[in-house]
Amino acid sequence: MSEIKQVTLPVTGMTCANCATTIERNLKKEKSVLSAAVNLSNERAAVQYDASGTNLDALIRRIERAGYGIALGEADLWIKSLADASDVSRLEKKLKAIDGVLRVSINLSSEHARMNYVPTIVTLNEIKQVIRKAGFEMVESGGDQVDVEAQARKAEIDQQRKLLIIGILFSLPLLVLSMGGDFGLFSMEMAQKTWFRLILMTLAIPVQFYVGWQYYVGAYKSIRSGSANMDVLVALGSSTAFLYSIPVTFGLISGHVYFETSAIIITLIRLGKFLEARSKGKTSEAIKKLMGLQPQTAHVIRGDVETDVSVDDLALGDVILVRPGEKVPVDGQVLEGHSAVDESMLTGEPIPVEKSKGDAVIGATLNKTGSFKFEATKVGKDTTLAQIIRLVEDAQGSKAPIQRLADQVSAVFVPAVIVLAILTFLGWYFLGPALPAGSGVSQFSRALINMVAVLVIACPCAMGLATPTAIMVGTGKGATNGVLIKTSEALERLGMVKTVVLDKTGTITRGEPQVTDLLDLSESNETSWFEMAASLEKFSEHPLGEAIVHEAVVRSIPLTEPKSFQSETGLGITGEINGKSVIVGNQRMMEAKNISLLKVDKNISRMQQEGKTLVFVAVDNVLTGMIAIADQVKDGSVDAIKEMHDMDLETVMLTGDNQQTAKAVAGQVGVDRVISEVLPADKSSEIKKLQENGLNVVMVGDGINDAPALTQADVGIAIGTGTDIAMASAQVVLVSGDLHGVVKAIRLSRYTLRTIKQNLFWAFIYNVILIPVAAFGLLIPMLAAGAMAFSSVFVVSNSLRLNRKKIG
Amino acid sequence: MESVEYSVPAIHCMHCVHTIKTELGDLNGVKFVEADLETKKVDVHYDAPATPKAIEDLLAEINYPVEK
């Protein structure tokens, strides 16, 4: 069956004349695309395709693969009336069914629905209409979204509190009166009187229809759209008890009244929801904390005059002054001044970082000791802080694989419970043991009340909350510790890894070669031959040369202009300085120039074993010095690797270096295994080999050069990307360069995964145990409601406990 | 593995480089493609069934003809 569709897609990134043809070609490669026409001037691609053979997603992937983007709209809507996981999947289905809506993700605990949409196919208003039609309410946010949200949340909690108080005011006397009859506070006879029962009914009515009204509305909407959620169970359960009691009150049928049961069910579940709403607010506290970090104003220097400007009005290139004790308003580069800046709120590193001219500063960090001026390089939504917030929000909106299980169960859960409840009723009515005479309870009412217990106990709320609340707390905690986890899936998988593969250069080591030893073989002093070597190396672009020049700068050695110089690729550099001929180069260079290295033979082999690279210096054809250069291990790498071992992780170092250098570094830091002499392009296949041996592998690298390996691994961690968070192609990004962040990330993921498992276990076990208990008539409905409220509150509090875990 | 290098003067932006890489990369037998924006050179490593002819034809088809 063919179904022809015509869509227009807004393409971004078209720059050259060939772009249009390239996109057309790529679109036509997709089966079932009938025609594709790309207009370069208005940046639109008109595509006609057969919807039975392909879909919009596939078309967009084609365009993205060709190297272009689609200008997707991004909507983040706050849905107010999501009751449980089955509501979430119902809304998700509705949204996904809209043409032009892609990548829908709904978070039950934050009540946010996020999606991307193609603005040329569907508008935001149309999406909102679909949501309303499906029976959900939205909070319209204009202006400052956080404020609107905070206010509305507060209003919601206030409303919940009001309903709860009314519920308690009516339910408590109701409970006392009805129990009083049962326990003989007053005579059974009085309790059987119609006027007494009328009092009970009067007390029960406001609870049933005012406090509990929301459940009727929710249940109606849910049933109308062809599914069943927890509102249905609550409404069914409490109404059954309430409605059955009415004819009993008027003596139409004989038996016991159950007004207290219906009222207490509603009040207790309200209590649960109220506590849940309060703690749910706490799960997103990390984001609020991050948002609060941004200072409001900045001192901008414009033409020698200092003016205070709102951070929203800052422009790129503005020169900003920061005094001690003030926060850095946006990202930038220091122009003048010197200070120590506390970056712990973003990087998790406790020690303030020294900043002077040329160093990068990050917005929202705290300036400690001195004043400095800097130039703004990133403002508004491009700042590191803004990126972190966006990234964490995205992560919290994403769905962990483990949640799918809970979703699948929830979807069939409510209908199954209703069937079970009916079976319970039938079982007790027809097969129940005979009642003792004069108990005042009929066969019918006993069956009915047991059915109500089953309906009430089986609310799936706790299951729906188990995963998202833990993910929210986990990702939030990560963000405030400099560990940014981009998806829930990464968080879950990181909790399961057994092997940590560490790239050497830039991950374990600093990534910049540094001079470690100078060996003076001359009769004169050290500086003169080193000065000549450094002066020559100033003209080489080799990284080893840079290390030598850097060392000269550190030692304040003045450099002189060489009279001539010549670089010999792969060997070194030669030249003439102060009338002397100078040769700086490796062992082969010295051999080529017939310069004897006999004097330093022992040193050579020792230093090479330590993984150092050696550069020799000869003046007037006599060996006068030797420089050892090594890429030094970062502070903290040794400790971090030791901690990984304590956590039962296997560590593997991956490097392109030769075996000797690799072994030397490996020995220093104590990794379990070394894979050396790996070409950059082969890193991902090495990861694949490890995975083929059945290992769950996390790869830690610099995020840009190691991108393919990071993608191949089960989880990729990009380390020390600093301000380029969005660039890194890893699912986990560490703001600081300290390897300790890897330990934190894994520990956090383990805790979160454990919390999710505990939550799911308790949510399931509670249903597994208590549903049969209720079905066999051993649980009165009021206790069932209490247990059900408790389970949701338990799950949310258990997730909040994550906040107090130490991750190092 | 065989390799060839072509001069393709039509390369003038990173999109061109990307297009050449993905298109040639899709050609059966091609193992490695490097296109350079500065030098306007395309370096292709390939095995059978790819042939220089097939590579040149594809480059011509996507509007990046080889300069002889």
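Which residues of helix α4 (residues 124–133) of chain A are buried? In this predicted model, they are A:Ile127, A:Lys128 and A:Ile131. Around the helix axis these residues cover an arc of only 100°, which means that they sit on the same side of α4(A).

Now turn the helix over. The face of α4(A) pointing away from the buried side carries A:Asn125 and A:Lys133, both exposed. As for what the buried residues pack against, the list runs through chain A: β5 (73–79), α3 (85–96), β6 (101–107), β7 (112–117) and β8 (138–139). Once the helix is over, have a look at A:Gly135, which follows α4(A) and has a positive phi, near 95°.

Staying in chain A, move along to helix α7 (residues 194–211). With 18 residues at 1.5 Å a residue, α7(A) should span 26 Å, and its end C-alpha atoms lie 25 Å apart, so the two values agree. Still, α7(A) has a kink of about 30° at A:Ala204, shortly before the proline A:Pro206. A:Ala204 is also one of the buried residues of this helix, a set that includes A:Phe196, A:Arg197, A:Leu200 and A:Met201 as well.

Over to chain B, which has two helices and three strands. Along the sequence they come in the pattern β-α-β-β-α. Of its 68 residues, 41% count as buried. Among contacts in chain B with a separation of 6 or more, 58% are between residues 24 or more positions apart. Chain B exposes about 3,700 Å², and 53% of that comes from carbon and sulfur atoms.

Strand β1 (residues 2–7) runs antiparallel to β3(B) and is joined to it by six bridges; in one pairing, B:Ser3 has B:His45 as its bridge partner. Strand β2 (residues 30–35) is also antiparallel to β3(B), with five bridges joining the two, and here B:Glu34 partners B:Asp43. The hairpin of β2(B) and β3(B) has five residues between the strands, and in it B:Lys40 takes a positive phi near 55°.

Conventions: Residues are numbered from 1 along each chain as its sequence is written. Chains are lettered from A and ligands numbered from 1 in the order in which they are written. This is a predicted model: local features need pLDDT of at least 70, side-chain atom pairs count only at pLDDT 80 or more; totals for chains, interfaces and linings use all residues. Side-chain values use heavy atoms; hydrogens and water are left out. Two strands pair if DSSP finds at least two bridges between them. Helices (H or I, at least four residues) and strands (E, at least two) are DSSP runs, numbered from the N terminus. The expected span of a helix is 1.5 Å times one less than its number of residues. The bend at a residue is the angle between axes fitted to the seven residues ending there and the seven starting there. Buried means under 20% relative accessible area, exposed over 50%, partly exposed in between (1.4 Å probe, protein chains only). Contact means heavy atoms within 4.5 Å. Accessible areas come from the Shrake-Rupley method with a 1.4 Å probe; for residues, only the protein chains shown count as cover. The arc is that of the directions from the helix axis to the C-beta atoms.
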